Amino acid sequence: MNLQTLQELGITGLRGLSLGLSLSGNAMAGAFIDKVANGLQAGSDVDRDMQAAADLLAAGKASDADWAEVVQGVKDEAARLQDD
Amino acid sequence: MLKIIATMDSLVIRALLVALAGLIGMVLSYFGVDAALFGAKAEGLVDALLLVLTAGGVFYAAYARATRPNPPLTERAVEKTIEMVRAGKLESVAVPPKQGGFARVAFLALVAGLALGGLSLSACTGTRAAYKAAQDADDTAYVVTRHYRSILREAADLKDSGTLSGSALAALRNAEQIATPIVIGDEATGQVGLRVLAKTYADARAAYDEAVNADTREALDAANAKLSQAVNDAMRAVAGFLRALEAARQNTTQVLPFDDARALPAGVAA
């Protein structure tokens with residue numbers, strides 16, 4: 001089974017567990033598990049993007065278009081972080 | 001008085017759900033989500049674990065049904081049970097309000113902990129794969145830039161979701177203002193980013209491949225030295241941003257599930 005698929009399954013499982021805990025009256029535990037799932041999801045998104053970078057390099061060199069997209073992405077995300 | 005209990009209070013139901021989880025995992029595996037990052041040995045191990053989970057759940061459900069009290073879960077079951085008692089087919093009925101069992105909150109927390117441990121261990125695989133896939137200095141420059149974009153996006157998402165504020169957000173913004181010019185350059189100050197240096201290096205390498213002589217060799221060495229130094233500086237800056245991001249996560253959620261600084265080459269995060 002693909003490791004990233006397992007990650008997604010695990011995160012989905014944690015969200016289900018969080019819902020189950022909340023519905024069974026363990027709201028605090030449910031909220032904690034939900035935060036854990038959110039943190040894992042963010043990490044999973046980064047990791048998925050990096051896996052795409054690994055796949056790209058396995059197939060050859062990053063093209064000018066690849067570079068342009070990434071550099072523009074840095075500019076956009078930096079602006080979003082600094083934006084009030 | 002015969003009372004029903006909540007479905008999830010039933011030990012049998014809990015055990016069957018555990019078995020079902022393992023079964024779903026096996027079905028997904030059967031339908032072909034196997035591959036890439038799992039070697040055949042690890043894949044076999046996962047399948048074996050799923051099988052043990054399913055078998056264990058079914059066995060425990062049977063054990064619980066045979067040896068533990070089994071109060072009804074629905075009003076319909078209550079009616080049927082009372083009918084059987086009245087008809088003389090049952091002599092007595094146990095009515096404990098709750099059942100014990102291994103699938104209580106503590107057990108679920110243990111399962112969640114194990115899942116977290118496994119997920120955290122596997123969380124950096126893509127990042128490691130990307131750095132490993134870099135064959136040359138310009139490849140590494142691309143990976144560092146892309147890695148930085150990904151974690152910047154995560155930070156911006158955290159900020160937009162409202163979970164970052166105050167000193168944590170200020171620290172992240174400071175780290176960004178240090179790292180971004182190093183990674184992509186800064187036109188205002190004339191600082192050159194990784195993309196430009198990687199292009200210079202690629203051009204020098206192409207020239208060297210075309211004509212091997214002292215001049216092209218010297219140009220390639222110079223380009224390589226500049227790019228390598230810039231990549232090292234950028235890695236340190238990205239590691240600094242990651243540390244700020246992790247500190248921000250700690251301040252806001254008390255959750256530190258993902259530490260992809262571990263995936264950076266040795267010595268960079270220090």
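In this predicted model, helices α6(B) and α8(B) run roughly antiparallel to each other. The angle behind this description is about 160°, and because angles over 145 degrees count as roughly antiparallel, the pair falls in that class. The axes of the two helices lie 9 Å apart. Along chain B, helix α6 covers residues 137-160, while helix α8 covers residues 194-210. The handedness of the crossing can be stated as well: α6(B) and α8(B) cross in a left-handed sense.

From α6(B), the contact involves B:D138, B:A141, B:V144 and B:T145. Facing them from α8(B) are B:L194, B:A198, B:Y201, B:A202 and B:R205. Sorted by class, the contact of α6(B) with α8(B) has 6 nonpolar residues, together with 1 polar and 2 charged ones.

Attention now turns to chain A. Its secondary structure comprises 3 helices and 0 strands, giving the pattern α-α-α when read along the sequence. Chain A has 84 residues, and 46% of them are buried. As for how its fold links separate parts of the sequence, the contacts considered are those between residues at least 6 apart; of these, 42% join residues at least 24 apart. The accessible surface of chain A amounts to about 3,900 Å². Carbon and sulfur atoms account for 59% of that surface.

Conventions: Residues numbered from 1 in each chain as written. Chains lettered and ligands numbered in written order. Predicted model: local features only at pLDDT ≥ 70, side-chain atom pairs only at ≥ 80, totals over all residues. Heavy atoms only, no water. Helix = DSSP H or I, 4+ residues; strand = E, 2+ residues; numbered from the N terminus. Buried < 20%, exposed > 50% of the residue type's maximum accessible area, 1.4 Å probe, protein only. Contact = heavy atoms within 4.5 Å. Areas by Shrake-Rupley, 256 points an atom, 1.4 Å probe, with all protein chains shown as cover. Axes fitted to C-alpha atoms, helices over the stretch in contact; angles between N-to-C directions. Parallel < 35°, antiparallel > 145°, perpendicular 65-115°, else oblique. Left-handed = near helix turned anticlockwise from the far one by under 90°. Nonpolar A, V, L, I, M, F, W, Y, C, P; charged D, E, K, R; others polar.
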